[in-house]
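Please open the model in your viewer and keep the selection panel at hand. The tour goes from stop to stop, saying at each what to select and what is there.

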Amino acid sequence: MKPGRRIELRGTVQGVGFRPWVYRLARANGIGGRVRNHCSGVTIEAFALEEALDTFVERLRDSAPEAAHILELRSSSIPFESVDDFVIEPSEDLGQRAFSIPPDLALCPDCESELLDPKDRRYRYPFINCTSCGPRYTIATDIPYDRAATTMADFVMCPSCQAEYDQVLDRRFHAQPNACPSCGPTVELLTLEETGPSRTGDPIADAASRLTEGLIVAVKGLGGFHLACDATDSAAVTRLRERKHRDEKPFAVMVRDLRAARELARLSGEEESLLSSAARPIVLVRRQPEAGIADVVAPNSELIGLFLAYSPLHLLLLDELKKPLVMTSANLASEPICASNDEAEARLKGIADALLVHDRDIASRCDDSVARVIAGAPMVLRRSRGYVPRPIKLARAVEQPILSCGAQLKNSFCLVDGDLAYFGPHIGELDSLQTLRFFEEAVEHMQKILGIRPELLAYDLHPAYLSSQYALAQSGPSHIGVQHHHAHIVSVMAEHALEGPVIGLAYDGTGHGLDGTSWGGELLLAEHGHFTRLATFRSLSLPGGNAAMREVWRTALSLVDDAFDGQAPLDSLPLFRGLDQSDVRVVQQMLERGLNAPRARGVGRYFDAMAAIALNRPRASYEGQLAVAWNRVADPREVGAYPFDLDRAVEPIEIDLRPLVRAAVQDLLTGLPPGRVSARFHRTLVDASASLVRLIAEQVGKLPVVLSGGVFQNAWLAEGLLAALSDSFELFLPREVPPGDGGLALGQAIVANQCAKEGQRCA
Ligand code: ZN
Ligand code: ZN
Ligand code: FE
């Protein structure tokens, strides 16, 4: 007898052209049956010979449309029915249950060829889209995800668009943002002051000609506005830096396509597929030395953030311009990205010379995502546009819906319900009323579109974090505080379905420790519900506390003072010679007396301090700037390393880097180039961490090793530890979840869930 199969799929399988794809696949394999949407996914009933069914299921698993994301595929036998045809059945009433709204999707190849085809009715129409591409999360206003619940609701489809929308086998069947020049949104160039009125009647060509002249144009994208300027024009980029009050932080560069990207950077195959994935993140890649990009785009950096045009508007603009564009989020520090036209007009005055706007509203702000390839696979460094709100599937369901509120820097929150974890968009520095409001709006909106009402709130133990204060101010749900580095490790455990115990290395700049001091170089024996801190880095005084984050020379002074026991050769080091000597004496006194010099253990501080000394850079203009600079100068040909100590007499065990500091200073004094000192520094950190892991494993066994914390965005450390340890340990890196504080919220939720379940406090 012939068999039947019921196949149930969960994940992002709606709103992405999934059913027409299933239909074509079934037809191609001679399968009879049906497919339908329902509240939690897609169900297929298929009838054919065993072999054909096997192939069909295999194809379903392996060849789904790029925008789709299958989290679970279950197949079971059902009685055979004799049906010849394969049909798409009308959807069940989806009611108020949320089904997953897909992330925003980059322009697909089919739409791109229509966009550039003079005979197509959407020729050069900047809002072309289909079920495989276009905005999703950023236009959704409510559930169920339907045109009426998007910012396209007010655009009434013309008969041609409506026909596409209604036709099951059309590429635009139920494509919610479907539109064309006669019924959809339009683009407009608003010019400010001196730049004068439109010249050609084509706003995109006008915008391009202004960019060519070196002007700054704000461009409305999917999740907010960008500020754009010609990336090959130093004067324009410098002006953008001045107007945005941004000294040295690298700008991302958008190019038309992979071919243009290859001209600017040396790309691996993995980097090319990450760049051209439907999420289109900014990808950190190695720049070509003679790339023609202005140096001020990413000063003193081997790496550059590149991304490909992802909306049709970007593509048309880059086609006109024929040059790479700096594209940076349109906001000043401490403000969320601009999303509405009014907001842009008000806030970007004096920054942009012209605004390329349109009348399709953005319902949710969503910054660009950032990723890079580490150890041959993608690591998401900032999870936002293109990823949000696609869930991460957990091995085990949580006991109750949870909202975890993240940290202070690079804030991002997470909503967890059942076995699915949804990260919210990148909020950024949660340090002002405006960003707090953005956080609250985004939490509210995500709860609404996902239909999740949290009963438990998880937050960081740092009492000054606005995210923690927000959590504690909510009445109703219960609250659980989670230690920062524990959350870092559990985020990665959750991503890789590890129950623990694991040996977790959490390296970052700072995080609130259980003893109230700043931690940041921690080795934890970790499970979901608790952890033991087995090792840490020798603490370093930060004279002036937080001031030392930017006045990095203070940390540097503290570092050499400790390493040389008060006898550091300050007079021989240009960094200290160049400073006001009375400032140096004040800090020396702080160190001697231990006044206003809190002790901290962040690995990031060692990077900062060494960079300040070796590169003679006393100050940073943003957190982590010098640490990144120190990484970027490292000379890959260098094979040496420095000594270090592991102090086993204290508990927890301490990594003592004073021997490293002494040897590095000696090297600098004898004129070894900073790039080689940096490479030796990196190799020493790898050696020290690997030795520590082996030592700890003698006590606790060869457990899986988890790496987390912002320091592991550094490919040298992550790849170095993989090479050093993977012969005897299983190592896990963050991949889908950012290693830095942007990934903290997942761990917070899982820890809080376990603590609530065991009826214990986490800290
Ligand atoms: Zn498309
Ligand atoms: Zn139309
Ligand atoms: Fe952290």
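The stops below take in the metal sites and then the nonpolar cores.

This is a predicted model, in which local features need pLDDT of at least 70 and side-chain atom pairs count only at pLDDT 80 or more, while totals for chains, interfaces and linings use all residues. Residues are numbered from 1 along each chain as its sequence is written, chains are lettered from A and ligands numbered from 1 in the order in which they are written, and side-chain values use heavy atoms, with hydrogens and water left out.

**First zinc site.** Select the zinc ion (ligand 1) together with Cys108, Cys111, Cys130 and Cys133, whose SG atoms coordinate the ion at 2.2 to 2.4 Å; donors here are N, O and S atoms within 2.8 Å of the metal (3.2 Å for Na, K and Ca), and because water is not among the atoms, sites may look incomplete. The 4 donor atoms subtend angles of 103 to 120°, so the arrangement is tetrahedral (four donors with all angles between 85 and 135 degrees; anything that is neither this, nor square planar or octahedral, with opposite donors over 155 degrees apart and all others between 65 and 115, is irregular). Cys108 lies in the loop between strand E5 (86–88) and helix H3 (109–115), and Cys130 in the loop between H3 and helix H4 (159–166), so the pair ties together parts 22 residues apart in sequence; helices (H or I, at least four residues) and strands (E, at least two) are DSSP runs, numbered from the N terminus.

Move to the zinc ion (ligand 2), where Cys158, Cys161, Cys180 and Cys183 supply SG donors at 2.2 to 2.4 Å, in a site that is tetrahedral, with angles of 105 to 116°. Along the sequence these donor residues are spaced C-x2-C-x18-C-x2-C.

**Iron site.** Next select the iron ion (ligand 3) with His484 (NE2), His488 (NE2), Asp508 (OD) and Asp741 (OD), its protein donors, which lie 2.1 to 2.2 Å away. The site is irregular, with angles of 87 to 173° among the 4 donor atoms. His484 lies in helix H13 (residues 484–495) and Asp741 in the loop between strand E31 (731–732) and helix H23 (744–758), so the pair ties together parts 257 residues apart in sequence.

**Nonpolar cores.** Finish with Val560 and Phe576, which touch the most other members of the largest nonpolar core, of 148 residues; such a core is a set of buried Ala, Val, Leu, Ile, Met, Phe, Trp, Tyr and Cys residues joined through side-chain atoms within 4.5 Å, where buried means under 20% relative accessible area (1.4 Å probe, protein chains only). Helix H21 (residues 674–700) gives the most to this core, with 11 residues.

Technical notes:
Tetrahedral: all angles 85-135°; square planar, octahedral: opposite > 155°, others 65-115°. Buried < 20%, exposed > 50% of the residue type's maximum accessible area, 1.4 Å probe, protein only.
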